[in-house]
Amino acid sequence: MPSSTDYKFNCLGDGFSLLTDTYLYTYNGEGVQNFALQHGYVNPVCDTNSKRVLIYDKGGSDFALYNRTSEIYKQSIEDEVIVSAFLSENEYSAIVTSGGHYSNVIYIYNGNGEELDVYKYIDEKVMQIAFSPDERYLYVALAKSQEGDIVTRVSKYEIGNDEGHLWNCEITDSISFELSFTNDKVLVITDEKITSVNSADGTVLSSYEYKGTLNDYYIENSNCVLILRNNSEKSKILMMDDSCSVVADISTDDKIKDVAIDDEKVVVLTSKGVVLYDMNLDMISNRDFEDEYIQMIKNGSNLLLMGGSHIDCIKI
């Protein structure tokens, strides 16, 4: 990998993107570089989908959207500071800022960089954002204080509709880590529990409270895998469906670095190597490595592994 103080490694179609402190790179599935750009951001952060890369300067005012080979647009939000940004599965972007009279402001842009809508918050903090697949609706996870307790509020909006939220749903005594739209449900992962919310009316359908500390998670379609750590330093792997029901669970002594779901398989990266499970968490295979890797991307039959200074691709 090119020299950098930090790397951000994301799946991009059949290849991947690599964001360093000075450059954005994209590569195809064979590891051939498609694109390289010197971005000029002080604190670059990115979000990707299968076709687009959204990068922004966290703490700055600039952001830009790219495909695998070129720039699509650049934008800037003057007099405000970008704190986070989220990309839909198509081309819409949500940019979250702070500054001025509001704790947070969300700006929605289409694939050409045209502003579509603005949402302003005085007391709440924007934690996560998810788009509906047709990009008609926006789901926002907010953190607020209520009688001394932290409360997560999930709100649904229709983009372009000025009448305000369509519904609100509150999840008490927890702060959100992830918000995901799947199968007409909104999955909310917090520090205490996972909750399934009806996307049509905001009613809580089900929830599951963790027994342990949440270390990692991965959501794909109607499946979610959670990595929990207990007091004995063992890790527990939980496979759950979108109704927050536990499908399977196992315990392991391995130190888990990363986890993913792909093609009806669960891939777990440990300090020793890679373990492959089926959806019932029955082990299919395991493979040990001499090198220690810190992150992985599952892409079809390929597994991309990022070490301290290199990326390796293996077949699994």
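This report describes strands, sheets, charged pairs, cysteines and a nonpolar core in one predicted model.

## Basis of the values

The model is predicted, and local features need pLDDT of at least 70, side-chain atom pairs count only at pLDDT 80 or more, and totals for chains, interfaces and linings use all residues. Residues are numbered from 1 along each chain as its sequence is written, and side-chain values use heavy atoms, with hydrogens and water left out.

Helices (H or I, at least four residues) and strands (E, at least two) are DSSP runs, numbered from the N terminus. Two strands count as paired if DSSP finds at least two bridges between them.

## A sheet of four strands

Strands S5, S6, S7 and S8 form an open sheet in the order S5-S6-S7-S8, and the pairing is antiparallel. Strand S5 (44-48) and strand S8 (71-76) are at the edges with a single partner strand each, so one side of each has no neighbour in the sheet. From one strand to the next, the twist averages 15°. Axes for such angles are lines fitted to C-alpha atoms, for helices over the stretch in contact, and angles run from 0 to 180 degrees between N-to-C directions.

Strand S7 (residues 62-66) is joined to S8 by five bridges in the antiparallel sense. Opposite phenylalanine 63 stands glutamine 75 in S8.

## A sheet of three strands

Another open sheet has three strands in the order S29-S30-S31, again with antiparallel pairing. Its edges are strand S29 (295-299) and strand S31 (311-315); each has a single partner strand, so one side of each is left without a neighbour in the sheet. Neighbouring strands here are turned by 20° against each other on average, direction ignored.

Five bridges pair S29 with strand S30 (residues 302-306) in the antiparallel sense. Methionine 296 has leucine 305 in S30 as its bridge partner.

Serine 84 is placed in strand S9 (residues 81-87). Its relative accessible area is 12%, so serine 84 is buried; buried means under 20% relative accessible area, exposed over 50%, and partly exposed in between (1.4 Å probe, protein chains only). Leaving aside neighbours within four places in sequence, serine 84 is in contact with Tyr56, Ala94, Ile95 and Val96, where contact means heavy atoms within 4.5 Å.

A nonpolar core is a set of buried Ala, Val, Leu, Ile, Met, Phe, Trp, Tyr and Cys residues joined through side-chain atoms within 4.5 Å. The largest one has 16 residues, and those with the most contacts inside it are Ile106, Ile108, Ile129, Leu138 and Val140. At least two residues of this core come from each of S10, strand S11 (102-109), strand S12 (115-121), strand S13 (125-131) and strand S14 (137-146). Beyond neighbours within four places in sequence, isoleucine 129 is in contact with Phe86, Ala94, Val96, Ile106, Leu138, Tyr139, Val140 and Leu179.

## Salt bridges

Side chains of opposite charge can pair when their charged atoms come close. A salt bridge is a side-chain nitrogen of Lys or Arg within 4 Å of a carboxyl oxygen of Asp or Glu, and the whole structure has 13 of them. One joins aspartate 6 to lysine 8, with the closest N and O atoms 3.0 Å apart. Aspartate 6 is partly exposed at 40% relative accessibility, and lysine 8 is partly exposed at 22%.

Arginine 52 and glutamate 91 meet in another salt bridge (2.8 Å, N to O). Arginine 52 lies in the loop between S5 and strand S6 (53-57) and glutamate 91 in the loop between S9 and strand S10 (93-99), so the pair ties together parts 39 residues apart in sequence. Arginine 52 is buried at 14%, whereas glutamate 91 is partly exposed at 33%. Aspartate 242 forms a salt bridge with lysine 185, the closest N and O atoms being 3.4 Å apart. This pair links distant parts of the chain, 57 residues apart: aspartate 242 is in the loop between strand S23 (235-241) and strand S24 (246-252), and lysine 185 is in strand S18 (residues 185-190). Aspartate 242 is buried at 9%, and lysine 185 is buried at 17%.

## Cysteines

The structure has zero disulfides, a disulfide being a pair of cysteine sulfur atoms within 2.5 Å. For cysteine 11, the nearest cysteine sulfur is that of cysteine 313, 11 Å away. Cysteine 11 is partly exposed, at 30% relative accessibility.

The sulfur of cysteine 46 is 12 Å from the closest cysteine sulfur, in cysteine 11, which is too far for a bond. Cysteine 46 is buried, with a relative accessible area of 12%.
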